[in-house]
Amino acid sequence: MSSAGDAALEWRAPSGRLRRIPLVRLGFALAGVFCASLALAQSGDLRRSGYQEMGPALQKMQDDDTANPAMLFVQVGAAAWAAKAGAAGKSCADCHGDAAVSMKGVAARYPAVAPAPAGPVDLEGRINLCRTVHQQAPALVAESDDLLALSAFVTLQSRGLPIAPPDDPALAALRAQGRDLYERRQGQLNLSCANCHDDNAGHRLAGAVIPQGHPTGYPIYRLEWQALGSIARRLRNCVVGMRAEPWQPGATEYLALEAYLMDRARGMALDGPGVRP
Amino acid sequence: MRWRAFAALLLLPAAAWGQQDSIPEPLTGQPGDAARGRAIVANRAVGLCLLCHSAPIPEERFQGDLAPSLAGAGARSTPEQLRLRLVDAARLNSDTIMPPYYRLDGLTRVAKNFQGKTLLTAQQIEDVVAYLASLKD
């Protein structure tokens with residue numbers, strides 16, 4: 001991840017960006033329901049996901065579970081789901097059973113409010129609560145492959161389902177904070193998120209099409225990173241591109257932006273774990 | 001020299017030139033160099049212009065379309081107008097997304113490594129003005 005704060009690096013021109021990724025053969029194909037927000041398009045909804053902004057080659061890579069590099073992480077996450085961990089000696093499956101049943105729709109409603117004293121958390125934060133509270137194991141490190149793998153696995157169980165943020169006063173306050181951050185100009189370039197993602201979506205920033213910024217596909221495998229990454233990592237890239245001071249990892253500001261963006265994407269189909277340039 | 005002009009400009013009350021559509025005086029004693037200006041505009045990590053604009057710089061394949069082409073900029077505006085546009089485009093259009101290239105005040109949460117620095121130096125502004133002024137069609 002660049003910390004140089006260079007706009008040109010964070011919003012890279014597509015030259016050489018579509019590196020050939022060796023075809024990933026998983027040996028098994030997870031049944032994937034892909035829903036391209038057709039209903040939304042028909043109802044005059046002008047929202048478009050980042051998936052819809054991508055070229056056919058990348059869309060194909062995301063759609064094909066044997067080619068989507070994020071699916072490798074899903075496989076690791078599935079194994080972690082079944083593995084006992086921590087002083088409690090329990091696996092996720094011991095308490096939650098079959099993820100296809102218990103985790104269906106869960107990723108589509110995060111960030112959500114966890115029981116006190118935790119409060120609002122995103123999906124990774126929720127998984128870490130189960131690690132520390134229920135498994136009595138150390139929290140997984142933010143952006144670590146272990147945490148992203150579990151979150152990709154849980155996210156997959158909501159593929160194709162509409163984003164459905166819950167109603168909760170604590171979340172309403174968080175979204176308001178996120179919206180304020182989203183609309184406020186910041187950094188040496190004096191830009192707001194809205195300047196690009198609301199006012200100039202669909203235009204080209206150098207070579208990159210500016211997406212509307214809907215978090216439908218997270219965690220994503222980003223070719224630029226050659227890695228799986230969370231929504232917070234993606235947001236940090238944009239903050240650095242604006243030459244604004246990035247918030248500390250785990251800061252409420254990322255959670256607030258995420259809560260606002262999920263609300264803004266309410267009703268759109270979750271299509272993670274996705275692929276992005 | 002550069003720092004004197006720089007400090008003087010930043011200290012000027014906005015009213016001194018804010019109501020006008022140009023900055024008549026060069027920011028430095030050394031005339032701008034159009035070739036250096038072209039390199040600044042072409043460089044996505046220095047001028048950043050091509051993130052938003054296109055320009056007659058064919059070797060740069062990826063150019064933005066958030067803003068008008070810079071081709072003909074020197075026919076549409078005088079060097080004095082171009083100077084103001086670069087120093088602080090918000091003086092011309094308070095809603096502009098074009099970054100202020102030579103202004104320090106009114107910015108929030110600037111990254112540590114860029115704090116207290118303008119996007120371009122006074123000499124770089126003069127170089128870019130010279131380049132833009134040369135774009136007659």
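Biologist: Which residues lie nearest the centre of the largest cavity?

Modeller: This is a predicted model. In it, A:Ala107, A:Leu123, A:Thr155, A:Tyr218 and A:Glu258 lie nearest the centre. They are among the 14 residues that line the largest cavity.

Biologist: How many cavities are there of 30 Å³ or more?

Modeller: The count is three. The largest cavity holds about 180 Å³ of space.

Biologist: Which helices each supply at least two residues of its lining?

Modeller: Look at α8 (123-134), α9 and α13 of chain A. By class, the lining of the largest cavity has nine nonpolar, three polar and two charged residues.

Biologist: Next, helix packing. At what angle do α5 and α9 of chain A cross?

Modeller: Angles of 65 to 115 degrees count as roughly perpendicular. The axes of α5 (residues 70-82) and α9 (residues 145-156) of chain A cross at roughly 95°. So α5(A) and α9(A) are roughly perpendicular to each other. Their axes come within 7 Å.

Biologist: Which residues make the contact?

Modeller: From α5(A), they include A:Met71, A:Phe73 and A:Trp81. From α9(A), they include A:Asp145, A:Leu150 and A:Phe153. The residues of this contact divide into 13 nonpolar, one polar and one charged.

Biologist: What should I look for in the backbone?

Modeller: Most peptide bonds are trans, and most residues other than glycine have a negative phi. Now look for exceptions. The bond from A:Tyr218 to A:Pro219 is cis, with omega near 0°. A:Pro219 sits in the loop between β4 and β5 of chain A. The bond from A:Gly272 to A:Pro273 is also cis, with omega near -5°. A:Pro273 is in the loop between α13 and β7 (274-276) of chain A.

Biologist: What is the phi of A:Asn190?

Modeller: A:Asn190 has a positive phi of about 55°, although it is not a glycine. Find A:Asn190 in the loop between α10 (169-183) and α11 of chain A.

Note on methods: Residues are numbered from 1 along each chain as its sequence is written. Chains are lettered from A and ligands numbered from 1 in the order in which they are written. This is a predicted model: local features need pLDDT of at least 70, side-chain atom pairs count only at pLDDT 80 or more; totals for chains, interfaces and linings use all residues. Side-chain values use heavy atoms; hydrogens and water are left out. Axes are lines fitted to C-alpha atoms, for helices over the stretch in contact, and angles run from 0 to 180 degrees between N-to-C directions. Helices (H or I, at least four residues) and strands (E, at least two) are DSSP runs, numbered from the N terminus. Angles under 35 degrees count as roughly parallel, over 145 as roughly antiparallel, 65 to 115 as roughly perpendicular and the rest as oblique. Contact means heavy atoms within 4.5 Å. Ala, Val, Leu, Ile, Met, Phe, Trp, Tyr, Cys and Pro count as nonpolar, Asp, Glu, Lys and Arg as charged, and the others, Gly among them, as polar. On a 1 Å grid over the protein atoms alone, a cavity is a set of points where a 1.4 Å probe fits but cannot get out, and a pocket is an open set with protein on both sides within 12 Å along at least five of seven lines; lining residues have an atom within 4 Å of a point. Grid points are joined across faces, edges and corners, and a volume is the space filled by probe spheres set on the points.
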